[in-house]
Amino acid sequence: MALKGLAGKILRVNLTSGSITKEPTPDDVFAGYIGARGVGAYLLLKELKAHTDPLGPDNKLIFLTGPVEGTLAPGANKITVTFRSPLTGTYSFSLCGGHLAPEVKFAGYDGIIIEGRADRPVYLWIDDDRVSLKDASHLWGKLTHATEDAIRAELKDDAIRVACIGPAGEKLSRFACIQSDYHREFGRGGAGAVMGAKNLKAIAVRGTGSVEVADPEALEALTEKVYGILAANLKARARRYYGTPEMVDGTNGLGYWGTRNFSTGYFEEGHNINAANMKEKIFVGSMSCYACPIACGKVSLIRSGPYAGTMIEGPEFESTGLLGANCGVSDLEALVKVVEICDIYGLDTMSAGAVASLAMECYEKGIITKEDTGGLELNFGNGEALVALMEKIARREGIGDLFAEGAKRAAEKLGVPELAMQVKGQEFATYEPRGCKGMGLGYAISPKGAHHMIAPTMGPETAGDGSKRFEYKGKAALVRETQFLMAVVDSLSLCSSMRFALGLKEQVELYRAVTGLSLDETGALSLGEKITNLERLFNLREGFDRKDDYLPSRMLKEKMPTGPSQGHLVELDPMLDEYYDLMGWDRQGRPTAAKLAELGLAELWQEVK
């Protein structure tokens, strides 16, 4: 092993042939693309043929860790899966926290590449150096929590880490997720459907090794410093106390919280589902991912009423927004119940909320009726109907079969494509672009569709009096820089909440302490730009360009009707032009030959296009 911080092997599993091989970790690729997200983008572009069917056997699931996983670095707990999305047809990746990533590293692997399709349900069992495929016929149809329990019982070890799909993934819902540690997800883009199409029910891992770092003393000193910063940081303290819902009041108060299928950005009943109300009524404990000093995961319990006994981790901020405000639902108990349904069936709560809100708007406009919904009165705000609808979607029953296809396909089939709040087929996150215009540009140019963490500009946009969020000039530069910074964080595989204490300077210090490689802040940003362009190239090869970097007409033509962002639209075209210019892309969003040469990607592009 040349690089410190790496385990030194990649596991490759072909489900069609049943072959399992162990390959040396490509140190040069890790050095050139940092780790997880960057390396995943490189391998997917290199290994996947153009126009591969996302639900066919040739699609790949590339699970990768970063160089810091398994060390004591704060927040070093993310694992990334990269794949071609069945929801969007684009390049996609999804990150999952919890304890799976370090366990994979402890078992001796930097990543797992899954390809092919098994002829019957199987699960992958990684027990350090011993790796096998085991029959999963008895697990097919089981809910995610039951699947984890069954595998641990079968392998006689309660400490095994499991990532699995539920019935939604088996039934190929295009926004099915992969669940891990009961409450953590590879959420966006439909990785669960790809896993279901491969007849792969689960991956179970037991690792007993450790990770060697280049400079343990430097890593320990940096870790101690970060813990101190996080202990004093007000935002980190709020996150520890309230979890991610601490963002509810700020987002709603400024009027950029997607509400009732993004018909507006302010939810009048938001106080019923804010962090303070959750803290008072449903929080009963906290949970933490590996090496996390914040523990933002909040355990919630419903004590009475029709959903009494329901216990989940969450609701997270995005789930609260999209299943709550965006469906007009302020019933906290119903919100917890619908999150539980998503978790145990294996659905992305974000897309689930966006799809449900589309269904509700269609119902209110008479596009679908009570006859179509099997008797459900899908008015905005009807929490009971939301719970029932989600069960139908999870099982693909009745009208749930249509909405399991995602918002874009469902709206097109209903003849109302303009009502789907999505980009490239990926449903919006909870931030309303008309009230935070940089987020609108970020949604538009995101390689995986409308994802908020490609370029989360909401912090600087809402700083001070919050008025900067309405400006559109200069937002391209902010989005560009934020995009590069996130490519670095994701490739290191750090939890994004660590950015409260780990700026780029500290991330570079962390990388050097773990790997022993020299890297400065300028070099890190350059790698972020390279990864961003790599992702763009994958989508260009699949036929995506400027025509796909667009927002729904509601964002561009209908002024925000109410709330603190009232009267605003998204001025997308001038922001796009400015962004493409800054990126060194032409006006169709294609990197120029000069830019590819500057980034060292020209030869690779010639090879794969």
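# Checking the labels

User: How far does helix α2 (residues 36-47) reach from its first C-alpha to its last, and what reach is expected?

Analyst: Helix α2 has 12 residues and reaches 16 Å, close to the 16 Å expected at 1.5 Å a residue. The expected span is 1.5 Å times one less than the number of residues. As for the label, helices are DSSP runs of H or I with at least four residues, strands are E runs of at least two, and both are numbered from the N terminus. Before we go on: this is a predicted model, local features need pLDDT of at least 70, side-chain atom pairs count only at pLDDT 80 or more, and totals for chains, interfaces and linings use all residues. Residues are numbered from 1 along each chain as its sequence is written, and side-chain values use heavy atoms, with hydrogens and water left out.

User: Is α2 mostly covered or mostly open, and what makes you say that?

Analyst: Mostly covered: 10 of its 12 residues are buried. Buried means under 20% relative accessible area, exposed means over 50%, and partly exposed is in between (1.4 Å probe, protein chains only). The buried residues are A36, R37, G38, V39, G40, A41, Y42, L43, L44 and L45.

User: What makes the phi of S493 stand out, and where is S493 found?

Analyst: Phi of S493 is near 70 degrees, a positive value in a residue other than glycine. You'll find S493 in the loop between α19 (475-492) and α20. With a relative accessible area of 0%, S493 falls under the cut-off, so it is buried.

User: Where is R260, and is R260 buried or partly exposed?

Analyst: R260 is in the loop between α9 (248-253) and α10 (275-281). Its relative accessible area is 22%, so R260 counts as partly exposed. The phi of R260 is positive too, near 50 degrees.

User: How do you know which kind of peptide bond joins G314 and P315?

Analyst: Look at omega: it is about 0 degrees, and the bond is cis. P315 sits in the loop between β15 (311-313) and α11 (317-324).

User: Why is the contact of E23 with R12 called a salt bridge?

Analyst: A salt bridge is a side-chain nitrogen of Lys or Arg within 4 Å of a carboxyl oxygen of Asp or Glu. For E23 and R12 the closest N and O atoms are 2.6 Å apart, and the pair passes. At 27%, E23 is partly exposed, while R12, at 14%, is buried.

User: What makes D135 and R120 a pair, and which parts of the chain do they link?

Analyst: Their side chains meet at 3.1 Å, N to O, in a salt bridge. The link joins distant parts: D135 is in strand β8 (residues 130-135), and R120, 15 residues away, is in the loop between β6 (111-115) and β7 (122-127). D135 has 35% relative accessibility and counts as partly exposed, and R120, at 39%, gets that label as well.

User: How do you know that K547 counts as exposed, and which residue does K547 pair with?

Analyst: K547 has 53% relative accessibility, so it clears the cut-off for exposed. Its side chain meets that of D548 in a salt bridge at 3.2 Å, N to O. Elsewhere, salt bridges that share partners join R12, E23, E47, K60 and E115 into one network. A search of the whole structure finds 51 salt bridges.

User: What makes D215, E217, E220 and E224 a patch, and of which charge?

Analyst: They form a negative surface patch. Patch members have over 30% relative accessible area and no salt bridge, with like charges joined within 9 Å and nonpolar side chains (Val, Leu, Ile, Met, Phe, Trp, Tyr) within 5 Å. Lys and Arg count as positive and Asp and Glu as negative; His and the chain ends are not counted. Each charge is placed at NZ of Lys, CZ of Arg, CG of Asp or CD of Glu. Areas come from the Shrake-Rupley method with a 1.4 Å probe, and for residues only the protein chains shown count as cover. D215, for one, has 35% and is partly exposed. Its place is the loop between β12 (200-206) and α7 (216-232).
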